[in-house]
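Hello,

Here is the structure we discussed. Please open it alongside this email.

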Amino acid sequence: MADVVRPSTRPGSGVAGSMRGLLRALYPICRSITGDGVRRTLEILGELVEIEVSEVPSGTEVFDWTVPLEWNIREAWIKNPRGERIVDFAEHNLHILNYSAPLHRVMPLAELEGHLHSIPSQPDLIPYRTSYYERTWGFCLPHDQREALAPGEYEVMVDSTLEPGSLTYGEHVLPGESDEEILVSCHVCHPSLANDNLSGIAVTTHLALALARRPRRYSYRFLFIPGTIGSITWLARNEASAARIQGGLVAANLGDSGAFHYKRSRRGDTSMDRAALRALQESGKPFETRGFVPYGYDERQYCSPGFDLAVGSLSRTPYGRYPEYHTSADDLDFVKDDELLGSLDMGLAIVDVLESGRAGAGEAAATPRTPGAGRVLVGTNPKCEPHLGRRGLYGPLGGSERGREEELAMLWVLNLADGGHSVVDIVERSGLDPDRVDEAVERLEAAGLLEERSA
Ligand code: ZN
């Protein structure tokens, strides 16, 4: 079978050096879902590939969501009663709760305590925490340091701005013979965290560089977007482009030493799913596959029932399954050059299978499904997830383990409330406790997010 000729990425340290250089340049930047950190990141990527940057003003309605105020930060620190800076954003940008509102005040330790975040089981690491949709402030620090804080008055400074501005994302398009598109999407909203997701950014960028040198049947669209709100914003503004997407990959956690992990699209048997599995099998290396779960990265939005795109996710160790995840231990040493190169090769191998048609047709488009016995509900916001947070249905602090199971039940119900699944079907497919699913249905109905399918 005639494979597309592909230049090896192996000889010398050219590609590895380029990826490492990108990681080093991006690591110190404080990114968030909006702000200058994302702009600077896209500027740096723009030195390697042409990036079309979009700025979407705060307040823009995107499906059920609204583009938030823009966040920027210059300085943030805590001084102890002796006037010594004991926590300083300048030393590590994970120290600030991402999206912290401005503040400068002296307060007793008891009050400060309510705004501190640490991980008792990993007492020497700084956790990564965010609060995008609930206005607050906070600091993250090693638990050991927190435990040692003496009572007294602490001076707290957060020199940030939360103002009308815009949400920034970047796109790079490689046209092919066909205008049918393959999507590669990565999130660019995390601050100093190397595997999640500078690895995904580096692999995506170098995939674009490698594909630019090859003949292409498909067109390729690379999205560099803030997680969740970025994909929702892109989908809201690009429904016509979305309709041309034949398959896609969300690229994340691609630099650790774990085996590859492919998460299937919602439909589960698309040509993208087949191509990924075929490339993984042909690699001869150990890998894992997992069925679609409406949790994780932006595949949640691409695979929402109103889009149901053939988008899976490629990672090494998935989010949340390595101890360094969302902590200061996810640093530049945690990500290895060989693993980044291997991930790039795997991305290219998947593309080869797609381009050569070796994956077979797969399920070309979503086919209507007949629901099983039981109640059948339809989501009132089928395009992307509805905003659960502003309805009080979602934990306000992103990045924490809290309430994950309840959220997961709601996300399953919303994802499968497409008229083709009964509540019994949802219990079956999700594998969740039926009581948990019933509770989720009840809460979502009360919030007006579900309605009975009209006969
Ligand atoms: Zn993350």
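Predicted model: local features only at pLDDT ≥ 70, side-chain atom pairs only at ≥ 80, totals over all residues.

Start with strand β10, residues 166–174. Eight of its nine residues are buried, so the strand is mostly covered. β10 has a partner in strand β1 (residues 52–57), with six bridges between them, and the two run antiparallel. Look for Gly170, which stands opposite Phe224 in β12. As a general point, side chains in a regular strand alternate between the two faces of the sheet.

Next, Asp88. This residue lies in strand β5, residues 85–88. Is Asp88 buried or exposed? Its relative accessibility is 12%. The cut-off for buried is under 20%, so Asp88 counts as buried. Its side chain makes a polar contact with the side chain of Arg85, at 3.3 Å. A polar atom of the Asp88 side chain also lies 3.0 Å from the backbone nitrogen of Ala90. Leaving aside residues up to four places away in sequence, Asp88 touches Ala76, Trp77 and His95.

Now move to the open sheet of three strands. The order is β18-β17-β19, and the pairing is antiparallel. β18 (418–422) and β19 (450–452) are the edge strands, each pairing on one side only. From one strand to the next, the twist averages 40°. Strand β17 (residues 376–379) is joined to β19 by three bridges. There, Gly379 stands opposite Leu450 of β19.

Helix α13 lies across β17 and β19. The helix runs at about 95° to β19.

α13 (residues 434–446) also packs against helix α11 (residues 404–416). Their axes are 9 Å apart, at an angle of about 70°. Angles of 65 to 115 degrees count as roughly perpendicular, so that is how α11 and α13 are placed to each other. Which residues make the contact? From α11 they are Glu405, Glu406, Ala409, Met410, Val413 and Leu414. From α13 they are Arg436, Val437, Ala440, Val441, Arg443 and Leu444. By class, this contact has eight nonpolar residues, four charged and no polar ones.

Best wishes

Terms used. Residues numbered from 1 in each chain as written. Heavy atoms only, no water. Axes fitted to C-alpha atoms, helices over the stretch in contact; angles between N-to-C directions. Helix = DSSP H or I, 4+ residues; strand = E, 2+ residues; numbered from the N terminus. Parallel < 35°, antiparallel > 145°, perpendicular 65-115°, else oblique. Contact = heavy atoms within 4.5 Å. Nonpolar A, V, L, I, M, F, W, Y, C, P; charged D, E, K, R; others polar. Buried < 20%, exposed > 50% of the residue type's maximum accessible area, 1.4 Å probe, protein only. Pairing = 2+ DSSP bridges. Polar contact = N/O pair within 3.5 Å; in protein donor to acceptor, adjacent residues only side chain to side chain.
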